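The entries below follow the order in which I looked.

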Amino acid sequence: MKNKKGVIYKRKQEILRELHENKKVLVDDLAKALHVSPITIRRDLDEFQAEGIVERFYGGASLVEGALAEDPSEQDSSDQNQSCKESIAREAAALVTEGDTIFLNSSSTALLLLKYLKGKRVTVITNNGNALHMETDPLIELVLTGGEVNQYKKSMVGDFALQMLRKLRADKCFIGVSGINELGEITTAVLQETMINSLMIEQTKGMKVILADHTKIGSQNNFVIASLNQITHLITDEEADSRILSALKRQNVSILAAPLETKE
């Protein structure tokens, strides 16, 4: 099953690469290039259309303008948003204990854990290339997954990163996300990172922690990485919608609302 999912992921990545470069694709050309049937390509393109990535036309599809843009939530650098991320990262770091091996995904909130992990001997495995530029406690052992580098986010994706993660297990994972709706569907805006995030959750034997500031609570993006019943903890901030949090609590997840620091 894992191999099948990997083949599908790789095929879709090739289709997206063609769309990104040429803005449109033809079913027959893709079928020949990827050694699959036209029916398979049509099914992939139909899924992309349902996700708002392409518009179908007879015999092919064209890319919807802006559909493959990076997660807009990662671009919010306002003081309030940064304060939320810092508070969430601080709360998350408190869950890490001496000797843990943890996964961090490519989100800016997850990356901030490195700032707050102090005085603990911890192994951190991440696909976030920006981790190389973070000042870390000397007790931290930092491991990068490797893989194809997303030049915008400096995240590591693709088959190499996935193969590396399949060989590893973590005690805890901390996954920053683009959205979580009332039904407990956890989503990302970046297709290339969907399987990375899902695999980190799958390969974690202990706490599985989602990091989502209040702007992500109740929102939804195109690509589902997990459902709430796969998660043990959700960390957000005190500005999050209490009505939605109440709905999520009924799904047996521990929810922590990190207090925001007030500036004098």
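Which residues of the largest nonpolar core touch the most other members? The model I consulted is a predicted one. I found that the core has 30 residues, and that I175, I180, I186, I210, I217, L234 and L248 touch the most other members. I then listed the elements that give two or more residues to this core: α7 (159-166), β9 (172-176), α8, β13 (223-227) and α9 (242-249). Helix α8 gives the most, with five residues.

I next looked up the burial of α8, which spans residues 194-202. Seven of its nine residues are buried; these are T194, M195, I196, N197, L199, M200 and I201.

I took I186 as one member to examine. Neighbours within four places in sequence aside, I186 is in contact with V177, G179, I180, I210, F223, V224, I225, A226, S227, L228 and I231. I also noted a second, separate core of 23 residues, with A110, L113, V122 and V124 among them.

I turned to the sheet. Three strands form an open sheet in the order β1-β3-β2, with antiparallel pairing. Because β1 (24-26) and β2 (54-57) stand at the edges with a single partner strand each, one side of each has no neighbour in the sheet. From one strand to the next, the twist averages 20 degrees. I counted four bridges between β2 and β3 (residues 60-63); F57 has G60 in β3 as its bridge partner.

Finally, I checked the helices on this sheet. Helix α2 (residues 27-34) touches β1, β2 and β3, and its direction makes about 75 degrees with that of β1. Helix α3 (residues 38-50) lies across β1, β2 and β3 and runs at about 130 degrees to β2.

How values were computed:
Residues are numbered from 1 along each chain as its sequence is written. This is a predicted model: local features need pLDDT of at least 70, side-chain atom pairs count only at pLDDT 80 or more; totals for chains, interfaces and linings use all residues. Side-chain values use heavy atoms; hydrogens and water are left out. Buried means under 20% relative accessible area, exposed over 50%, partly exposed in between (1.4 Å probe, protein chains only). Two strands pair if DSSP finds at least two bridges between them. Axes are lines fitted to C-alpha atoms, for helices over the stretch in contact, and angles run from 0 to 180 degrees between N-to-C directions. Contact means heavy atoms within 4.5 Å. A nonpolar core is a set of buried Ala, Val, Leu, Ile, Met, Phe, Trp, Tyr and Cys residues joined through side-chain atoms within 4.5 Å.
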